[in-house]
Structure formats: C-alpha cells, structure tokens
Amino acid sequence: MVREPLSIADRLRGERLGDLLREARGSRSITDVALRAGISPETLRKIERGRIPTPAFFTVVAVAGVLELSLDGLLAQVSPPTTAAEATGEAVANTLGDGVRRAAG
C-alpha cells in the first residue's frame, strides 16, 4: 500500500499545529508535557517542529488536554481561513446572480 504524499496545505497545517502547541507549552519542559500526555518527548518535539504534520488524533487530544487547550480552538486556528464571502454564502449568491445577468443580457 502506497501512501499519498502530503499536500503543501497539509504540511503548513502541521507546522501551524506545532507552533500552537509550542506556544501553549511555554516554559514547561517538553519532557514533562510529553510524559503527562503519554507520548515520548521525541514525538512531541517532532510535532512541534512540523516533522510529524499529521499526528494521530488521540495524540493531539492528549497533548491538548495537558496544555488545557480546546480542540475547537486548535481546529479553528489550524484550519485554513475562509473568506467573509464564503462564510456568509455571498460567493454562491454572486455566482448565481452573474449567471442570471448573463442570461438576461
């Protein structure tokens, strides 16, 4: 079984996740946080540096729990931003409106 290579977006999300976890860890030792989360310090180090861009879900849950981070908050900060038009549906409305104008014109 061949694994598909990660996209650039996946790699960037992984780097962003690592940055957020490192920021949240602050001055706490990587060893202490990792052991409390039930993972090796090397695994946490790799996640923080973006070398594991798609860590296992339960690994993220465990580290977030130790750091008292909300999974919803992490997801919001790691996910690609949507434009205001996408968020409100204006992009669809504008596209439909353009089609109606072209048909009428």
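Visitor: Let's start with T59: in which helix does it lie?
Guide: First, a heads-up: this is a predicted model, where local features need pLDDT of at least 70, side-chain atom pairs count only at pLDDT 80 or more, and totals for chains, interfaces and linings use all residues. Residues are numbered from 1 along each chain as its sequence is written, and side-chain values use heavy atoms, with hydrogens and water left out. Helices are DSSP runs of H or I with at least four residues, strands are runs of E with at least two, and both are numbered from the N terminus. With that settled, T59 lies in helix α4.

Visitor: Is T59 buried or exposed?
Guide: Buried means under 20% relative accessible area, exposed means over 50%, and partly exposed is in between, using a 1.4 Å probe and protein chains only. T59 has a relative accessible area of 17%, so it is buried.

Visitor: Which residues does T59 touch, not counting residues up to four places away in sequence?
Guide: Contact means heavy atoms within 4.5 Å. Leaving out those sequence neighbours, T59 touches I39 and I47.

Visitor: How many helices does the protein have?
Guide: From the N terminus on, the elements run α-α-α-α-α-α-α. There are 0 strands, and the count of helices is 7.

Visitor: Which residues of α2 are buried, and why do they line one face?
Guide: Helix α2 covers residues 30-37, and its buried residues are I30, V33, A34 and A37. The arc used here is that of the directions from the helix axis to the C-beta atoms. Seen down the axis of α2, the buried residues line one face because they fall within an arc of 95 degrees.

Visitor: Which exposed residues sit on the face of α2 turned away from its buried side?
Guide: The buried residues of α2 pack against α1, α3 and α4. On the face turned away from that buried side, the exposed residues are L35 and R36.

Visitor: Which residues of α3 are buried?
Guide: The buried residues of α3 pack against α1, α2 and α4. Their names are L44, I47 and E48.

Visitor: Is R25 buried or exposed?
Guide: R25 is in helix α1, and it touches I30, V33, L44, E48 and L67, not counting residues up to four places away in sequence. Its relative accessibility is 13%, so R25 counts as buried.

Visitor: Which residues touch the most other members of the largest nonpolar core?
Guide: A nonpolar core is a set of buried Ala, Val, Leu, Ile, Met, Phe, Trp, Tyr and Cys residues joined through side-chain atoms within 4.5 Å. The largest has 17 residues, and the elements giving two or more residues to it are α1, α2, α3, α4 and α5. Those touching the most other members are L17, L21, I39, L44, V63 and L74.

Visitor: Which residues is L17 in contact with, leaving aside neighbours within four places in sequence?
Guide: L17 is one of the core residues that touch the most other members. With its sequence neighbours set aside, its contacts are P55, V60, L74 and V78.

Visitor: Is E68 buried or exposed?
Guide: E68 sits in the loop between α4 and α5, and its phi is near 55 degrees, a positive value in a residue other than glycine. Its relative accessible area is 74%, so E68 is exposed.

Visitor: What distance separates the C-alpha atoms of T43 and I30?
Guide: T43 is in helix α3 and is partly exposed, with a relative accessible area of 26%. T43 and I30 are 13 residues apart along the chain, and their C-alpha atoms are separated by 10.0 Å.
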